[in-house]
Amino acid sequence: MVLLGQHMYDNYAEALDDTVVCVMSRTDVNRLLLADARIAARITAILGRRLADLEQRLPDSVFKTVAQRVATTLTTLTSAQPPAGPLRPVGRHPQIALTHEQLAALAGTSRETCTKVLREYAEHGCSAWPAGASPSSTPSGSRTPPADVTHP
């Protein structure tokens, strides 16, 4: 998306299923954006949301501790899931299907530090690691987070 000021740098994508890839030239994209204002408006809205997210993440990375950033990331990911009903102390809570490395990248820390923070959360009953699965977040008010974590 060089047309919109975005570059791929060293990023790549790997398809897990059979995939069809469509390539558009700069001229094709220009023509498409000029042909239908709804497409241009939608792209503008998406870029605006991404900019707002980045504007929030920058101060978070400077002013929040790692534990707070991990908690904020888990809360954000959990709130993006469709609600399965109210959280109950003995009920099933939302699960976040990420590796520690992926969660660490989102929170702006190392995998080792992220694992340490998640282990502290589990010790305080704020999260659980199902056997052989990714960590799950349970942001329930009935559990006490570690002392250095404030609500995001």
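Start by selecting helix α1, residues 26-35: both aspartate 28 and arginine 31 sit here, three residues apart, or about one turn of the helix. Show their side chains and you'll find a salt bridge between aspartate 28 and arginine 31, with 3.3 Å between the closest N and O atoms. Keep in mind as you go that this is a predicted model.

How exposed are the two partners? Aspartate 28 is partly exposed, at 27% relative accessible area. Arginine 31 has 52% and counts as exposed, because the cut-off for that class is over 50%.

Next, pick aspartate 36 and arginine 38. These two form another salt bridge, and here the closest N and O atoms are 2.9 Å apart. Color by accessibility and arginine 38 comes up as exposed, at 65%.

Now jump to residues 111 and 112. Arginine 111 pairs with glutamate 112 in a salt bridge whose closest N and O atoms lie 3.3 Å apart. Arginine 111 is partly exposed at 37% relative accessibility, and glutamate 112 is partly exposed too, at 49%. If you're keeping score, the structure holds four salt bridges.

Time to zoom out. Switch to cartoon and you can trace five helices and two strands, in the order α-α-α-α-α-β-β along the sequence. The chain has 152 residues, and 22% of them count as buried.

What do they form? Leucine 58 belongs to helix α2, and its relative accessible area of 57% makes leucine 58 exposed.

Last stop: the largest pocket, with about 390 Å³ of space. Select Arg57, Thr72, Thr73, Thr76 and Leu106, which are the closest to the pocket's centre among its 15 lining residues. Finally, color the lining by residue class: you'll get six polar, five charged and four nonpolar residues.

Technical notes:
Residues are numbered from 1 along each chain as its sequence is written. This is a predicted model: local features need pLDDT of at least 70, side-chain atom pairs count only at pLDDT 80 or more; totals for chains, interfaces and linings use all residues. Side-chain values use heavy atoms; hydrogens and water are left out. On a 1 Å grid over the protein atoms alone, a cavity is a set of points where a 1.4 Å probe fits but cannot get out, and a pocket is an open set with protein on both sides within 12 Å along at least five of seven lines; lining residues have an atom within 4 Å of a point. Grid points are joined across faces, edges and corners, and a volume is the space filled by probe spheres set on the points. Ala, Val, Leu, Ile, Met, Phe, Trp, Tyr, Cys and Pro count as nonpolar, Asp, Glu, Lys and Arg as charged, and the others, Gly among them, as polar. Helices (H or I, at least four residues) and strands (E, at least two) are DSSP runs, numbered from the N terminus. Buried means under 20% relative accessible area, exposed over 50%, partly exposed in between (1.4 Å probe, protein chains only).
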